[in-house]
Amino acid sequence: MKDTETGFNAEDIDTSKPHSARLYDYFLGGNDNYPADWEAAAKILKLFPSVKDTARTNREFMHRAARFLTNRGLHQFLDVGTGIPTEPNLHQVVQQITPRARVVYADNDPIVLRHAEALLQSTSEGRTAYADADVREPEAIISYAREHLDFEQPIALSLVALLQFVTDEHDPYQIVRTLLEPMVSGSYLIVSHVTWEFNPDIWDRIDAIYRQGGTPVKARSRSEVSGFFEGLELCDPGVVISTHWHPDSEMRIRDEQPLYVGVARKV
């Protein structure tokens, strides 16, 4: 089954400025990017030459975390900050293991909405849904998710490479607490987040590039990333560099990247 909340309006897409979702798509080798994105990407690559590997290792972490939780019996996922679809998408990973799994995607980007149909190709036993929603309005996300997920059963909340785009003024820690609050014990939180700790001198300049497209980026320390898991039970090995989290034979990137990740259980 599949469902989406709203239609797509091509006029909402501004290709004259770089955009965070299209930059990520570019770094992953995708085709949904434009000259403004290429120009911004070239500037970022000069500052951060391994950014493509970081993007790839982030994607690989999402795959491993999704398989990890599905193999633990989780069959409901709420993925906020979905981004432009890149196969395999989260629902494809989890439904390969558990065909009845349900996935709700949420993003507030019109270019992601344009591709929402790719996120809605569920198995017949399962379900996928897409909400055009902003993480800074977590109550709206939960309201939509309740239409498609059973909140009396555990849910995995996926915030992969999202919270770095939520600046401190919007209190990302409270956003995470609000999203988790209605979920039952046994639910899980998945987080990945860039860090400045590898190269602190470049992040103000990277932030300036992203701000040109209207989306600031806030790299955080390991301690700050760990704060998102406060009150939860971290799964081994805790909050670690992405390539150190349950590495497997399918990983293409094995070098350390400036990306902290973690998975934790609500107790």
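Accessible areas are computed here by the Shrake-Rupley method with a 1.4 Å probe. On that basis, the accessible surface of the protein chain in this predicted model comes to about 11800 Å², and carbon and sulfur atoms account for 45% of this surface.

The protein chain is built with nine helices and nine strands. Its radius of gyration is 17 Å, close to the 18 Å that the globule rule gives for 267 residues, so the chain is as compact as a globular protein of that length. Taken along the principal axes, the box filled by the C-alpha atoms is roughly 45 × 45 × 40 Å. Buried residues make up 56% of the 267 in the protein chain, and, when contacts between residues at least 6 apart in sequence are considered, 75% of them join residues at least 24 apart.

| Feature of the protein chain | Value |
|---|---|
| Positive side chains | 27 |
| Negative side chains | 40 |
| Distance between the centres of the two sets | 3 Å |

One residue can be followed in more detail. Thr215 lies in the loop that runs between helix 8 (203-211) and helix 9 (222-226). When neighbours within four places in sequence are left aside, the residues in contact with Thr215 are Ser20, Phe165 and Tyr210.

Note on methods: Residues numbered from 1 in each chain as written. Predicted model: local features only at pLDDT ≥ 70, side-chain atom pairs only at ≥ 80, totals over all residues. Heavy atoms only, no water. Helix = DSSP H or I, 4+ residues; strand = E, 2+ residues; numbered from the N terminus. Rg over C-alpha atoms; globule rule 2.2 N^0.38 Å. Buried < 20%, exposed > 50% of the residue type's maximum accessible area, 1.4 Å probe, protein only. Contact = heavy atoms within 4.5 Å. Lys, Arg positive; Asp, Glu negative; His and termini not counted. Charge placed at Lys NZ, Arg CZ, Asp CG, Glu CD.
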